[in-house]
Amino acid sequence: MGKLAMTLILLCSMVMVLPAVHGIVKGPKAVEEWFQKLSHKKEKLTKLCFYFHDTLSGKTPTAVRVAQANTTSISPTLFGVIYMMDDPLTARPEPNSTIVGRAQGLYGSAGMEDLGLLMTMNLVFTAGKFNGSSLSVLGRNPALEQYREMPVVGGSGVFRLSRGIATAKTHWFDYTTGDAIVEYQVLVIHY
Ligand SMILES: *[C@@H]1O[C@H](CO)[C@@H](O)[C@H](O)[C@H]1NC(C)=O
Ligand SMILES: *[C@@H]1O[C@H](CO)[C@@H](O)[C@H](O)[C@H]1NC(C)=O
Ligand SMILES: *[C@@H]1O[C@H](CO)[C@@H](O)[C@H](O)[C@H]1NC(C)=O
C-alpha cells in the first residue's frame with residue numbers, strides 16, 4: 001500500500017458545481033491500461049457533500065416497498081421490509097436545488113430489536129467532474145442515531161478502486177409519511 005497523499009482536492013459544498021475537467025475512458029482495454037499505470041499514481045482524498053431525498057409518499061415516490069415478511073407489520077422495527085430506491089442527490093437541502101446524482105439500490109430493516117437498516121446502494125454522480133462515476137456503499141444505517149457511518153467499498157470511473165466512509169445525518173424527517181432528507185458527507189481515497 002503506497003503512502004496516501006493527503007490532498008483534499010475539493011471542498012465540500014463546491015464539489016459538484018465544478019465543470020468536467022477530464023473524461024474517463026471506458027472499456028476493457030482502457031481499464032487494463034489504467035491498472036498498468038497504477039503504480040505511478042498517487043492516492044487522493046476527496047470529500048463529497050450532498051443531500052439524499054428519500055420520498056415514500058405522493059404520486060411519484062422515489063423509494064418503493066418491494067418485499068416484506070409476514071411478521072413485518074407486527075415488528076417494532078419493521079424487520080424484514082425491503083425498499084428499492086432511486087433517490088435524487090442534491091447540492092443543497094432544498095428539494096429543488098441542483099441534482100448532482102442518484103442513490104440507487106436497496107435498503108432493508110435488518111435489526112429485530114433496534115432499527116438498523118442494511119444499505120446496499122450505488123451513488124451515481126451525474127454532474128461536474130464526477131459525472132459518470134459511481135461509489136458503492138454497503139453498510140449498517142441505524143437511522144435513528146444522529147451520525148451513521150457506512151463503508152464505501154469501491155467505485156467506478158474516477159473512483160476506481162476507491163474506499164472510504166460515508167457519514168449520514170438526518171436533515172429532515174416526516175414521521176407520518178417516512179419521507180426524509182439526509183445529509184451525506186463522504187470521504188474517499190481514490191487514484
Ligand atoms: C408466517 O408464515 C409462516 C410460514 O408460512 C407461518 O408458519 C407463520 O404462522 C406466519 N406468521 C404470521 C404472523 O402470519
Ligand atoms: C426552491 O424552493 C424554495 C422554497 O422551498 C423557493 O424559495 C426557491 O425560490 C426555489 N428555488 C428555485 C430555484 O426554484
Ligand atoms: C453528464 O455526462 C453525460 C454523458 O456524458 C452528458 O450527456 C451530460 O450532459 C453530463 N451532465 C452534466 C450536468 O454535465
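Residues are numbered from 1 along each chain as its sequence is written, chains are lettered from A and ligands numbered from 1 in the order in which they are written, and side-chain values use heavy atoms, with hydrogens and water left out.

The protein has a mean pLDDT (the predictor's confidence in each residue, from 0 to 100) of 91, and 88% of its residues reach 70 or more. The pLDDT is below 50 over residues 4-11, a stretch with 24 contacts (heavy atoms within 4.5 Å) beyond near neighbours in sequence. Residues 16-21 also have pLDDT under 50, and the model gives them 14 contacts beyond four places in sequence. Where pLDDT is low, the predicted coordinates should not be read in detail.

Side chains of opposite charge can pair when their charged atoms come close. Four salt bridges are counted, a salt bridge being a side-chain nitrogen of Lys or Arg within 4 Å of a carboxyl oxygen of Asp or Glu. One of them joins arginine 163 to glutamate 43, at 3.2 Å from N to O. This pair links distant parts of the chain, for arginine 163 lies in strand E9 (residues 163-173) and glutamate 43 in strand E2 (residues 43-54), 120 residues apart. Helices (H or I, at least four residues) and strands (E, at least two) are DSSP runs, numbered from the N terminus. Glutamate 43 is buried, with a relative accessible area of 5%, whereas arginine 163 is partly exposed at 32%. Here buried means under 20% relative accessible area, exposed over 50%, and partly exposed in between (1.4 Å probe, protein chains only).

Within helix H1 (residues 28-36), lysine 29 and glutamate 33 stand four residues apart, about one turn of the helix. Their salt bridge has its closest N and O atoms 3.6 Å apart. Lysine 29 is exposed at 62%, and glutamate 33 is partly exposed at 37%. A further salt bridge connects glutamate 94 with arginine 92 (3.6 Å, N to O); glutamate 94 is partly exposed at 36%, as is arginine 92 at 47%.

Around ligand 3 are Thr126, Ala127 and Asn131, each with a heavy atom within 4 Å of the ligand. An oxygen atom of ligand 3 is 2.4 Å from an N or O atom in the side chain of asparagine 131.

Terms used:
This is a predicted model: local features need pLDDT of at least 70, side-chain atom pairs count only at pLDDT 80 or more; totals for chains, interfaces and linings use all residues. A polar contact is a pair of N or O atoms within 3.5 Å; within protein, one must be able to donate a hydrogen and the other to accept it, and residues adjacent in sequence count only if both atoms are side-chain atoms.
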